[in-house]
Amino acid sequence: MSDVNGVIASGKAVLGIEFGSTRIKAVLVDDQNNPIASGSHEWENQLVDGVWTYSIDMIWEGLQDAYRNMVVDAEKQYGVKVTRLAAIGFSAMMHGYMAFGEDGEILVPFRTWRNSITEEASEKLTKLFNYNIPQRWSIAHLYQAILNGEEHVKDIKFQTTLAGYIHWKLTGRKVLGVGEASGMFPIDIATGKFNQTMVDAFDAAIADKGFGWKLLDIFPEVLTAGENAGTLTAEGAKLLDPTGTLEPGAPLCPPEGDAGTGMVATNSVERRTGNVSAGTSVFSMVVMEKELSKVYPELDLVTTPSGDLVAMVHCNNCTSDLNAWVNIFKEFAEAFGIDVSMNKLFGTLYNKAMEGDVDGGNLLAYNYISGENITGMEEGRPLFVRTPNSKFNLANFMRVNLYTSLGALKIGMDILLKEEGVQVDKLLGHGGLFKTKGVGQQILADAMNTPISVMETAGEGGAWGIAVLASYMIQKEDGETLGDYLNNKVFVGQKGSELAPNPEGVKGFDEFIKIYKAGLPIERAAVDSMK
């Protein structure tokens with residue numbers, strides 16, 4: 001404890017903060033990247049005028065609360081105040097649309113990744129670039145605003161992501177890490193910058209609009225992991241810590257997206273490695289050895305924080321509907337006067353699922369709280385469907401709700417692994433789906449037909465991942481790659497658990513996914529008919 005006390009008191013601790021979709025988490029690490037204190041803030045996106053958003057006030061209140069809770073935790077544990085930091089990193093959910101005017105104020109409410117309102121732009125840009133541009137990407141949001149004739153577009157002076165916005169306000173620098181930038185606009189792997197050929201094509205496509213800007217005039221500068229991305233200004237320190245206790249001057253690493261920090265947190269930044277992040281949304285990242293043979297609308301191409309090519313399968317929905325069902329069971333228990341903890345409830349119900357039929361007993365569920373691009377749904381309608389002869393019991397009910405949380409992901413990963421023949425040596429899981437030991441992990445292994453590992457530190461998540469990136473920036477030796485740093489200094493001796501796919505489970509999930517695909521017209525009808 002005295003060692004940690006000294007690390008904090010001498011300003012050698014490193015701070016990582018990540019804005020997830022339901023929680024903002026701050027993690028303080030020592031000079032060996034061990035988590036020593038943490039704080040969090042719960043928040044929820046709001047559907048305002050048909051757009052999923054978080055207000056600017058919510059962003060800053062949440063940041064300050066998460067930081068304050070981390071400081072309180074550190075002082076409670078070690079009896080020392082956090083006054084100086086060795087380095088800081090910010091990350092957030094990727095993509096979306098934040099556009100700012102001359103005065104630095106946001107021009108329209110923040111449009112998050114969760115919105116499926118850019119279909120026209122997505123299709124036209126994919127054709128223009130011959131490169132998949134998903135609806136949630138920042139460039140799709142910008143182009144859709146142009147196609148819509150939105151008045152604010154002519155006034156844009158800066159467009160960025162949530163992580164880029166926080167970083168800009170705390171340092172004054174308009175930059176992004178390459179992994180986060182790759183969710184705004186395609187990256188040229190050779191240069192590590194925005195693809196100039198595609199930038200030129202975009203500028204030519206909008207030339208007749210007469211805007212006073214070109215794309216690179218309003219986009220952030222792209223940096224690579226390990227580069228210095230600025231320092232905490234006096235104004236920035238006050239924004240982070242309104243009490244004035246935190247001193248300015250700490251260096252910041254390039255702001256990254258939750259995909260990049262997930263890769264760091266699972267030590268999967270090298271080629272032929274991958275990870276699956278399963279929480280509110282679910283996405284897989286596989287670091288590629290070469291380009292895909294063609295464009296697939298189900299597969300995004302992004303990069304690691306070091307700029308290596310990554311194939312990403314991103315699905316908007318994972319555990320939200322599952323959590324809603326678990327809450328129903330909690331209400332049921334409380335109605336009988338039974339006080340049961342959420343941890344016990346999740347553990348009991350998840351383990352019950354493993355007693356179910358491997359194919360789910362011919363039950364069908366769709367967990368679409370919001371739209372799902374992979375299956376072509378612009379909005380979500382959570383559904384549970386069965387035939388009169390389905391095996392309807394608690395075990396099958398829970399198993400199918402776990403299966404469907406990975407249903408859209410399975411469709412995309414089958415393209416990558418089966419059609420493209422991409423080789424993966426190891427796949428690591430992290431996120432809320434894996435908290436109950438051996439359940440989500442086994443179901444994912446069966447769905448992917450690939451061994452799945454869960455690391456001890458994976459539970460620390462992206463906030464720890466961005467703290468590690470900040471540490472890498474100040475600790476790296478000459479020529480030391482991010483992969484080398486992670487292997488030799490962060491994960492050396494790390495324990496994890498690996499589960500191999502169960503052949504019967506693989507067969508069962510394949511049976512379920514046939515029903516899942518065949519039933520999509522039911523979901524389509526629900527979207528169309530239930531407003």
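**Figure 1. Leu409 and its contacts.** Leaving out residues up to four places away in sequence, Leu409 touches Val276, Val282, Phe283, Ser284, Val313, Cys315, Leu444 and Met448. Contact here means heavy atoms within 4.5 Å. The model is predicted: local features need pLDDT of at least 70, side-chain atom pairs count only at pLDDT 80 or more, and totals for chains, interfaces and linings use all residues. Residues are numbered from 1 along each chain as its sequence is written, and side-chain values use heavy atoms, with hydrogens and water left out. Leu409 sits in helix α14 (residues 407-419). Helices (H or I, at least four residues) and strands (E, at least two) are DSSP runs, numbered from the N terminus. Leu409 is buried, at a relative accessible area of 0%. Buried stands for under 20% relative accessible area, exposed for over 50%, and partly exposed for values in between (1.4 Å probe, protein chains only). Leu409 and Cys315 are 94 residues apart in sequence, yet 6.3 Å apart in space, C-alpha to C-alpha.

**Figure 2. The nonpolar cores.** The largest nonpolar core holds 129 residues. Ile139, Leu142, Phe185, Phe202 and Leu409 touch the most other members. Helix α16 (residues 461-475) supplies the largest share of this core, nine residues. A second, separate core has 48 residues, among them Phe19, Trp43, Val82 and Leu170. A nonpolar core is a set of buried Ala, Val, Leu, Ile, Met, Phe, Trp, Tyr and Cys residues joined through side-chain atoms within 4.5 Å. In soluble globular proteins, nonpolar side chains tend to be buried together.

**Figure 3. Contacts of Phe202.** Neighbours within four places in sequence are set aside here. Phe202 is then in contact with Leu125, Leu128, Phe129, Ile139, Leu142, Tyr143, Ile146 and Leu215.

**Figure 4. Helix α3 against helix α4.** Helix α3 (residues 119-129) and helix α4 (residues 138-147) pack at about 110°, with axes 8 Å apart. That angle makes α3 roughly perpendicular to α4. Angles under 35 degrees count as roughly parallel, over 145 as roughly antiparallel, 65 to 115 as roughly perpendicular and the rest as oblique. Axes are lines fitted to C-alpha atoms, for helices over the stretch in contact, and angles run from 0 to 180 degrees between N-to-C directions. The crossing of α3 and α4 is right-handed. Right-handed applies if the near helix is turned clockwise from the far one by less than a right angle, left-handed if anticlockwise. From α3, Glu119, Glu120, Ala121, Lys124 and Leu125 meet Ile139, Ala140, Tyr143, Gln144 and Leu147 of α4. By class, the residues of this contact are six nonpolar, one polar and three charged. Ala, Val, Leu, Ile, Met, Phe, Trp, Tyr, Cys and Pro count as nonpolar, Asp, Glu, Lys and Arg as charged, and the others, Gly among them, as polar.

**Figure 5. Helix α11 against helix α12.** The axes of α11 (residues 320-335) and α12 (residues 342-353) come within 10 Å and cross at roughly 110°. The two helices are therefore roughly perpendicular to each other. On α11, the contact uses Leu322, Asn323, Val326, Asn327, Phe329 and Lys330. On α12, Met342, Leu345, Phe346, Leu349 and Tyr350 take part. The contact of α11 with α12 has eight nonpolar, two polar and one charged residues.

Figure 6. Eight of the eight residues of α10 (residues 258-265) are buried, so the helix is largely enclosed by the rest of the structure. They are Asp258, Ala259, Gly260, Thr261, Gly262, Met263, Val264 and Ala265. Just after α10, Asn267 takes a positive phi of about 50°. Asn267 lies in the loop between α10 and β14 (273-278). At 9% relative accessibility, Asn267 counts as buried. Most residues other than glycine have a negative phi.

**Figure 7. His95 in its loop.** His95 lies between β6 (87-92) and β7 (98-100). Its phi is near 70°, a positive value in a residue other than glycine. His95 is buried, with a relative accessible area of 2%.

Figure 8. Thr304 lies in the loop between β16 (300-303) and β17 (309-315). Not counting residues up to four places away in sequence, Thr304 touches Val178, Gly179, Met263, Val269, Val287 and Val310. Leu299 is found in the loop between β15 (282-287) and β16. The C-alpha atoms of Leu299 and Met413, 114 residues apart along the chain, are separated by 8.5 Å.
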